[in-house]
Amino acid sequence: MVSLRPSVSPDFPLHCYRANAASGMAVHDDCKLRFLELKAKRTYRYIIFKIEEKQKQVVVEKVGEPTETYEDFAASVPAEECRYCIYDFDFVTAENCQKSKIFFIAWSPDSSRIRSKMIYASSKDRFKRELDGIQVELQATDPTEMGLDVIKSRAI
């Protein structure tokens, strides 16, 4: 029998991990906590998550300060490796109302390893369910598919 239980780090209690039945990936509680801080308190502009294959878990790789721009975010996403990203996009509507939308971006560049693409694809839906409040989802395989123009057009 194969165990879906992640290897446990001594730094975190066992309840901090939730296994994903589809891929065997766990979601570290810090991922959910940082997302809630972004959503409720606007503590961050973006969050980049990565899968630690050895530990079989999704972890927070980087957070962006509220003052950072979309260009800062785009520069933080690795060009050759898959990632899950959350971006809090501020915009003004045609009626001159200030609004914000939370984007989930599944970044899977063509140049990344096939195994990595498969792991990210099989874990995505379960991971997204942990982050309640995502308003727009994008799947991107090259930078133009997640450019600022695409973000703007999907926000409206």
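Visitor: Which element gives the largest share of the lining of the largest pocket?

Guide: Strand E2 does, with 3 residues. Strand E2 (46-52) and helix H3 (114-130) each supply at least two lining residues; helices (H or I, at least four residues) and strands (E, at least two) are DSSP runs, numbered from the N terminus. The model is a predicted one, in which local features need pLDDT of at least 70 and side-chain atom pairs count only at pLDDT 80 or more, while totals for chains, interfaces and linings use all residues. Residues are numbered from 1 along each chain as its sequence is written, and side-chain values use heavy atoms, with hydrogens and water left out.

Visitor: What makes a residue part of the lining of a pocket?

Guide: A lining residue has an atom within 4 Å of a point of the pocket, which is an open set of points on a 1 Å grid over the protein atoms alone, where a 1.4 Å probe fits, with protein on both sides within 12 Å along at least five of seven lines. Among the lining residues here are Lys50, Glu53, Cys82, Ser116 and Tyr120. The volume, the space filled by probe spheres set on the points, is about 180 Å³.

Visitor: Why is serine 116 called buried?

Guide: Buried means under 20% relative accessible area (1.4 Å probe, protein chains only). Serine 116 has 8% relative accessibility, and therefore counts as buried. Serine 116 lies in helix H3 and touches Glu53 and Cys82, not counting residues up to four places away in sequence; contact means heavy atoms within 4.5 Å.

Visitor: What makes phenylalanine 49 and phenylalanine 127 an edge-to-face pair?

Guide: Rings of Phe, Tyr and Trp (its six-membered ring) pair if their centres lie within 6.5 Å; planes under 30 degrees apart count as stacked, over 60 as edge-to-face and the rest as tilted. Phenylalanine 49 and phenylalanine 127 are 4.9 Å apart centre to centre, with 70° between the planes, and form an edge-to-face pair. This pair links strand E2 with helix H3, 78 residues apart, and both phenylalanine 49 and phenylalanine 127 are buried.

Visitor: Why is the pair of phenylalanine 73 and tyrosine 87 called tilted?

Guide: The ring centres of phenylalanine 73 and tyrosine 87 are 5.1 Å apart and their planes stand at 35°, so the pair is tilted. Phenylalanine 73 belongs to helix H2 (residues 70-76) and tyrosine 87 to strand E4 (residues 83-92), so the pair ties together parts 14 residues apart in sequence.

Conventions: Buried < 20%, exposed > 50% of the residue type's maximum accessible area, 1.4 Å probe, protein only.
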